[in-house]
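Dear colleague,

Please find the structure below, handed over for your records.

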Amino acid sequence: MRQLRPVGIIGTGKYVPERILTNSDLEKMVETNDEWIVSRTGIKERHIAAPGQATSDLAYEAALKALESAGMKAEELDLIIVATVTPDSAFPSTACILQDKLGAKGAAAFDLSAACSGFVYSLATATGFIQNGMYNNALVIGADTLSSITDYTDRNTCVLFGDGAGAVIVGEVPEGRGFQSFDLGAEGSGGSLLNLEAGGSRLPASHQTVDDKKHFIYMNGREVFKFAVRVMGSATERVLTKAGLTKENIDLFVPHQANIRIIQSAMQRLELPPEKVVVNVDKYANTSAASIPLALVEAAEEGRMKEGDAVLMVGFGGGLTWGASVLIW
Ligand SMILES: CC(C)(COP(=O)(O)OP(=O)(O)OC[C@H]1O[C@@H](n2cnc3c(N)ncnc32)[C@H](O)[C@@H]1OP(=O)(O)O)[C@@H](O)C(=O)NCCC(=O)NCCS
């Protein structure tokens, strides 16, 4: 069998829009309060894109920083994958728009749709391309502008979401480091628990779909919560086993930032102390595909990983989907 190249992260960058929407701002918009939001979700504030600011704009800022941290020029990229459920438009893909903005001439570019699991799905995809020798350097971004599909009159959802982008450069790393395992999965039967119904080929945009608010996120919070707790546990076990590691080996846990209670349940199961867990849901809320890279990049910027550390990432989301990975930093 052909020897696979070790592949890991060689550059990181992140971006969140300037405008902050706090819980007290939301109190003026819907019947809610800071105490309810913090106790049920752990969220205190979220960043919201400016009018006219689209997902490729957020992705672009994060990408520039990732390229800079890798000491790489855009022309050196072979592949761009943007994980998003809020592309600038149905097509061209946000990755193609970004390829043009960055001047990454010659890079293949496509979007990947796996909702909040999209970043881990994209890492696995890029890793496969690089391991088999097809490409050398990939830009992988999780970017979402959930504010563009959030109904700010629906208290069940509008308190939960924010906008942002996290980017990494994926490439060859020294032996012994990089991605050790992935565990991706889907339960399509749960698709209607978390979705955006209209605007596709099943229900094209019409006056009726707008009147019926079908261009906004719908979520059955309780069912998604149960799914999340279940798959965080099972995906984590599988991905650790595939890497030949146990929970005792985890140096840093980077979970999807949807809800502090879901993160705490995973921490208990893995018996992890707070210093081994990245939490920034309080500042950014749930940013979908951007959530794990925002947490990972922030942890890297804060110097929370050192060379050789075992980093466990796990996400879950619409589809329903999940994605987990073990990375040696
Ligand atoms: C959404 C979520 C925070 C709700 O918390 P919960 O403890 O399940 O709350 P419930 O759904 O039981 O709602 C309890 C009550 O609070 C109300 N409520 C909902 N949103 C509220 C808000 N923002 N402010 C105040 N009250 C609110 C509900 O209307 C309900 O009232 P009722 O009992 O009179 O009908 C929780 O279910 C959750 O986090 N789910 C997972 C979401 C997630 O991770 N999604 C992203 C996946 S990628």
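**Surroundings of the ligand**

An N or O atom in the side chain of Trp36 is 3.5 Å from an oxygen atom of the ligand. For Arg40, a polar side-chain atom lies 2.8 Å from a ligand oxygen atom, and for Arg261 the distance from a side-chain N or O atom to an oxygen atom of the ligand is 3.4 Å. On its own the ligand has 970 Å² of accessible area, of which the protein covers 75% (Shrake-Rupley method, 1.4 Å probe).

This is a predicted model, in which local features need pLDDT of at least 70, side-chain atom pairs count only at pLDDT 80 or more, and totals for chains, interfaces and linings use all residues. Residues are numbered from 1 along each chain as its sequence is written, and side-chain values use heavy atoms, with hydrogens and water left out.

Around the ligand are 23 residues (a heavy atom within 4 Å), of which Thr32, Arg40, Gly221, Arg222 and Asn259 come nearest. By class, this shell has ten nonpolar, eight polar and five charged residues; Gly counts as polar. Helix H8 gives the most to the shell, with four residues (helices are DSSP runs of H or I, at least four residues).

Helix H8 (residues 221-243) also packs with helix H9 (residues 260-270), at an angle of about 35° and with the axes 10 Å apart; axes are lines fitted to C-alpha atoms over the stretch in contact, and angles run from 0 to 180 degrees between N-to-C directions.

Yours sincerely

Note on methods
Helices (H or I, at least four residues) and strands (E, at least two) are DSSP runs, numbered from the N terminus. A polar contact is a pair of N or O atoms within 3.5 Å; within protein, one must be able to donate a hydrogen and the other to accept it, and residues adjacent in sequence count only if both atoms are side-chain atoms.
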